[in-house]
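This report describes the fold of two chains, beginning with the terms on which the description rests. The sequence and structure are shown below.

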Amino acid sequence: MSTLHTINKSPFDRASLQSCLRLAADGNAILLFEDGVYGAMKGSTVAELVEKALSNKTIYVLGPDMKARGVDESKLIDGIKVVDYKGFVELTVENDKVNAWV
Amino acid sequence: MKFGIQVNEGPYTHEASVSALNFVKAALEAGHEIFRVFFYHDGVNNGTRYTTPPQDDINIVNAWSELAEKHNIDLVVCVAAAQRRGIVDEGEQERNGKDGNNIAPGFRISGLGQLIEAGIQSERLVVFGD
C-alpha cells in the first residue's frame with residue numbers, strides 16, 4: 001500500500017510540507033506543485049529536511065509549475081524528480097491513495 | 001481508471017482550479033475516466049456563468065463548461081456552499097425565491113452525498129484546493 005502525498009503550498013507559507021515529511025510513511029511518494037515547488041529548491045531553510053526525507057521517500061516536482069515560477073532544474077535538490085501533468089496522473093495511478101495536504 | 005476530483009478553491013484565487021483542469025485534461029488524454037468533479041467550499045465560485053475575466057485572461061468557468069460538454073463530465077456544486085456564496089440554479093431560484101440564477105452550463109447543484117458517492121465509485125479521489 002503506497003500513498004502519493006500532494007503539497008501545493010510553499011513551506012514558507014504553510015507547514016504542510018513539514019507536516020507531510022514528519023508523518024508520511026517510508027516508501028511513500030510526495031509531489032510538490034503550485035507554490036509547493038519552492039520546497040524542492042536547494043539552499044533553503046527546509047532543504048535539509050527534504051534531503052533527509054529523500055533517503056526513504058520519493059519526491060517529485062511538477063515541471064510546468066517550476067517553469068511558471070522561474071525555478072530552473074539546476075536549482076533543485078539532488079534526487080528530486082521532475083514530472084509533467086502526464087506524470088502527475090501516472091503517480092496517482094501507481095499509488096493506491098492520494099492524500100492532498102490542503 | 002476512474003477518477004473523482006474535488007475542487008475546494010475558487011477561480012482566480014491561487015491556482016487550484018487551473019491545476020484541477022490541467023489534471024483532468026491529462027487524465028482524459030491518458031484514457032482515464034472522470035466520474036465527477038465536485039466543487040466544495042469556495043470551489044463553488046467556479047460554477048457561475050457571470051464570470052467575465054478580461055479577454056486576455058483564461059476564462060476558467062468556460063474552460064470547465066467546455067470540458068464537461070466535450071467529455072460528458074459531471075460537474076457538481078455543493079448546495080450548502082453554493083447558497084452561502086450566491087450560486088443559484090433554476091431549482092434553487094424557485095426554492096429560495098430569488099430573482100435570477102447564475103449557474104454555468106454543464107454544472108449542477110447537489111448535496112454532499114455526491115462527493116461521498118464520487119469517493120466510493122472512483123478508484124482515486126484527487127483533491128485540489130487552498
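## Terms and basis of the model

A residue is called buried if 20 or more other C-beta atoms lie within 10 Å of its own, exposed if 12 or fewer do, and partly exposed in between, with C-beta atoms placed from the backbone. Helices (H or I, at least four residues) and strands (E, at least two) are DSSP runs, numbered from the N terminus.

This is a predicted model, in which local features need pLDDT of at least 70 and side-chain atom pairs count only at pLDDT 80 or more, while totals for chains, interfaces and linings use all residues. Residues are numbered from 1 along each chain as its sequence is written, and chains are lettered from A and ligands numbered from 1 in the order in which they are written.

## Chain A: overall form

Chain A contains four helices and five strands, which follow one another from the N terminus as β-α-β-α-β-α-β-α-β. Its C-alpha trace spans about 35 × 30 × 25 Å along the principal axes.

Of the 102 residues in chain A, 40% are buried. Two residues are in contact if their C-beta atoms, placed from the backbone, lie within 7 Å. Among contacts in chain A with a separation of 6 or more, 72% come from residues 24 or more positions apart.

## Chain A: the sheet

The five strands of chain A form an open, parallel sheet in the order E4-E3-E2-E1-E5; two strands pair if DSSP finds at least two bridges between them. Strand E4 (81-83) and strand E5 (97-100) of chain A stand at the edges with a single partner strand each, so one side of each has no neighbour in the sheet. The twist averages 25° from one strand to the next, with axes fitted as lines to C-alpha atoms (for helices over the stretch in contact) and angles running from 0 to 180 degrees between N-to-C directions.

Within this sheet, strand E2 (residues 29-32) and strand E3 (residues 58-62) of chain A run parallel and are joined by four bridges. Ala29(A) stands opposite Thr58(A) in E3(A).

## Chain B: the sheet

In chain B, five strands form an open sheet with parallel pairing, in the order E4-E3-E2-E1-E5. Strand E4 (107-110) and strand E5 (124-128) of chain B are the edge strands, each pairing on one side only.

Strand E3 (residues 75-78) of chain B runs parallel to E4(B), and four bridges join the two. Phe107(B) in E4(B) is the bridge partner of Leu75(B).

## Chain B: helix H2

Val61(B), Trp64(B), Ser65(B) and Ala68(B) are buried in H2(B). Seen down the axis of H2(B), the buried residues fall within an arc of 95° and so line one face of the helix; the arc is that of the directions from the helix axis to the C-beta atoms. Helix H1 (16-29) and E3 of chain B are among the elements that cover these buried residues.

The exposed residues Lys70(B) and His71(B) lie on the face of H2(B) turned away from its buried side. Just after H2(B), Asn72(B) takes a positive phi of about 55°.
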